[in-house]
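Hi,

Here is the structure I promised to pass on. Please have a look at it first; my notes on what turned up follow below.

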Amino acid sequence: MRVEQMEQIINYRDIPTDKRIDILNALERIGFFPAYGGVRTMQQIMEKSVPGSGPQFYFVFRENELIGYNFLIGDTKKYKAFPWLAISNMDEQKLTVCEELMKIQIAFFEELGMQKIADHCVRIMEDYRKGIGKRKAIADKFHLKNG
């Protein structure tokens with residue numbers, strides 16, 4: 001019998017302090033590199049995260065392994081390490097995870113009063129549901145299945 005793997009989305013603030021540096025180091029393994037600096041720079045910025053405003057940093061885990069991220073910055077000029085409104089690998093996640101991450105992202109931009117960006121995120125999610133712009137996992141590309 002096949003057991004469904006459950007993903008968990010966790011805000012940086014909710015990660016135990018002693019686990020944070022290991023998670024930040026693991027970002028490189030899933031393809032994320034900050035635009036400037038390294039792990040220490042990212043950590044300094046992430047420590048400034050407060051509820052209800054930017055920036056917000058979300059991590060996706062499957063069976064305690066980091067598989068994804070959704071970094072919501074909201075300002076392209078404030079942090080050299082994160083010169084994006086948002087950056088994620090949600091297009092590589094299964095649809096249910098992608099939808100949860102996008103809900104978080106849409107709410108974030110709405111709270112910041114950035115409705116046009118939130119509306120754009122809604123359109124992106126509609127495309128993802130149609131299979132447009134969504135990357136498939138390597139296993140899907142090669143039709144590999146776990147026994």
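Let me start with two helices: α1 (residues 17-26) and α2 (residues 39-46) have axes that come within 10 Å and cross at roughly 125 degrees. Helices here are DSSP runs of H or I with at least four residues, strands are E runs of at least two, and both are numbered from the N terminus. Axes are lines fitted to C-alpha atoms, for helices over the stretch in contact, with angles from 0 to 180 degrees between N-to-C directions. That angle makes α1 oblique to α2 (under 35 degrees counts as roughly parallel, over 145 as roughly antiparallel, 65 to 115 as roughly perpendicular, and the rest as oblique). Ile21, Leu24 and Asn25 of α1 meet Val39, Met42, Gln43 and Met46 of α2, contact being heavy atoms within 4.5 Å.

A word on the source: this is a predicted model, where local features need pLDDT of at least 70 and side-chain atom pairs count only at pLDDT 80 or more, while totals for chains, interfaces and linings use all residues. Residues are numbered from 1 along each chain as its sequence is written, and side-chain values use heavy atoms, leaving out hydrogens and water.

Helices α3 (residues 95-111) and α4 (residues 115-129) pack at about 170 degrees with axes 8 Å apart, and are therefore roughly antiparallel.

There is also an open, antiparallel sheet of four strands, ordered β1-β2-β3-β4; strands pair if DSSP finds at least two bridges between them. Its edges are β1 (7-11) and β4 (86-88). Seven bridges join β2 (residues 56-62) to β3 (residues 65-72), and Phe59 has Tyr69 in β3 as its bridge partner.

Best wishes
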